[in-house]
Amino acid sequence: MQTDKQGDREQTSRFNRKGGRMRQITPTSLHCPAPTRRRFLAGVGSALAAGVAPVRAAPPATPDALNAVELGLAPDSLENQGPALERILNAASDSGVPVFIPPGDFVVSDVTLPALVHLRGVPGLSRLIYGGGNHFLRAENASDIRLAGLTLDASGYRLADYCRGAVEAVHTVNVDISGCNIFDSRKHGVALEACGGSIAETSVSAAALAGIYCVDGSAMRIADNRIQNCGNGGVLVHRRRPGPDGAIVSGNRVTGIRADDGGTGQHGNGINVYQANNVMITGNHVADCAFSAIRSNSGSGVQIVSNQCLASGETAIYSEFAFEGAIVANNLVDGAANGVSIANFNEGGRLAVVSGNIIRNIVNEGPYDPVGPGFGWGIAAEADTSVNGNVLDNIARFGMLIGWGPYLRGVSVTDNIVRNSLIGVAVTVVDGAQGAQIANNIFQNTLRGAIVGYRWQERITRDMIAGGAQDYPHLTVFGNTQL
């Protein structure tokens, strides 16, 4: 899986600078009394004594925010404004007031954010441009970092080895990024480690690695963002060791995710969970990913519900490896090499519900040479899983693949509809397989059989919809209809 030690990759493509909606930050949210402009300037004057004079007239600060240009930040200058911005932010942090960036282009480098930062701008007009160096905007051991209404252009410049993203926060209690536009990062767009908070209504594009990377987070909310054209991933929710995470990933639009660093699924996923438990992935629109639209690796208690998964290069939705508990329900999968996979009973993967999904247009071709069961199936399940009420149409090989070799235990396949596939259900009959019930399903135009037993990749039985399942004690087959 992708880690924080990914290598640099040159990325210099440019995008239109589009802002999002500005999130109002009020004195109430700062837990401080509403300051006047006189109190603003008096409170920070001594701290900014070394600052430069304003370069040009600027819009006045709003009543609850400090105007950075009035305090020395120079717009539309080729000089690095990073030291000036850092001085302003430090003074504002000490005084507990927000900072307003007026419209203009501001070249900044190596800005280390203090403990309390409330930095906001005019969406699409207030632009911070990375001028190269070691890092762009970075916080460590901070308490509250809020960025709103800013365009952050990372310029495709290198970031130091210690820095993992254009915006990075480490061990920060709350990170709130809203209504921003972040693009052209040579690593991740946003990289958070051991942080809580929210990333919302923000556009992240042209990151060489992932758009948003959260490791060891604390109940992060990642909602209503647009992630596009990233080199290795869209939204990554990871942990270094398996454990509670509680992230909510909802309402995001993730498109055009590549796998520039190769592999067989470590990269190229729209939304990726790794060793993070109790993550909810709901209501996202994910399209054109090199591998999976949504991939949960060793994530227990994951819910993958009501997502649109379009044009996936490999398996559209995965719950794999050492997990216990997965709900995959009410998703639409249209176009993939496989549909939904509940896999790796051999690694401890078990306990799932796959229900109410529509899966269609599954092809027998993937991004690497096929191994094991290969490509071209709609739903695969192995252990302690209910597969109920799904509709599958136009599936290249198997509508459903139940078990693999001896890896089958307690799978119920009921009340599904399978249309236009070579085989409706391929079920393992290898010695050691345990307990599968295939009942009350409807099969239409399954050209080579509705229910067929397999020993690994070898077909063993005739179509068992008309009988023969009694020869295999672990199978119960009844009530199915073939049209």
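D110 sits in the loop that connects β3 (104–108) to β4 (111–112), where helices (H or I, at least four residues) and strands (E, at least two) are DSSP runs, numbered from the N terminus. The model is predicted, so local features need pLDDT of at least 70 and side-chain atom pairs count only at pLDDT 80 or more, while totals for chains, interfaces and linings use all residues. Residues are numbered from 1 along each chain as its sequence is written, and side-chain values use heavy atoms, with hydrogens and water left out.

The backbone of D110 deserves a look, as its phi is near 55 degrees, a positive value in a residue other than glycine. Most residues other than glycine have a negative phi. D110 is partly exposed, with a relative accessible area of 28%; here buried means under 20% relative accessible area, exposed over 50%, and partly exposed in between (1.4 Å probe, protein chains only). E201 belongs to the loop between β14 (196–200) and β15 (203–205), and its relative accessibility of 32% makes it partly exposed.

Turning to the protein as a whole, it contains 3 helices and 44 strands. Of its 483 residues, 59% are buried. Among contacts (heavy atoms within 4.5 Å) between residues at least 6 apart in sequence, 64% join residues at least 24 apart. The protein exposes about 17,600 Å², of which carbon and sulfur atoms supply 50%; accessible areas come from the Shrake-Rupley method with a 1.4 Å probe, and for residues only the protein chains shown count as cover.

Strand pairing can be followed through β19. Two strands pair if DSSP finds at least two bridges between them. Strand β16 (residues 210–215) runs parallel to strand β19 (residues 233–244), and 5 bridges join them. Within this pairing, I212 has V235 in β19 as its bridge partner. Strand β19 is also joined to strand β22 (residues 269–277), by 7 bridges and again in parallel. There, G233 stands opposite N269 in β22.

Salt bridges come next, each defined as a side-chain nitrogen of Lys or Arg within 4 Å of a carboxyl oxygen of Asp or Glu. The structure holds 19 of them. In one, the side chains of D334 and R360 meet at 3.0 Å, N to O. D334 lies in strand β30 (residues 332–336) and R360 in strand β33 (residues 358–362), so this pair ties together parts that are 26 residues apart in sequence. D334 is partly exposed at 23% relative accessible area, and R360 is partly exposed at 33%.

A salt bridge also forms between the side chains of R350 and D384, at 2.7 Å from N to O. Because R350 lies in strand β32 (residues 350–355) and D384 in strand β35 (residues 383–388), the pair ties together parts that are 34 residues apart in sequence. R350 counts as partly exposed at 23% relative accessibility, whereas D384 counts as buried at 18%.

The salt bridge of D393 with R419 brings their closest N and O atoms to 2.9 Å apart. D393 is part of strand β36 (residues 391–402) and R419 of strand β38 (residues 417–428), so parts 26 residues apart in sequence are tied together. R419 is partly exposed, with a relative accessible area of 26%. Elsewhere, salt bridges that share partners join R138, E140, R164, E168, E193, D216 and R240 into one network.

N338 gives a view of a buried position. This residue lies in strand β31 (residues 338–342) and has a relative accessible area of 2%, which places it among the buried residues. The side chain of N338 reaches the backbone oxygen of G374 at 3.5 Å. Such a polar contact is a pair of N or O atoms within 3.5 Å; within protein, one must be able to donate a hydrogen and the other to accept it, and residues adjacent in sequence count only if both atoms are side-chain atoms. Not counting residues up to four places away in sequence, N338 touches E314, T315, A316, I362, G374, F375, G376 and W377.
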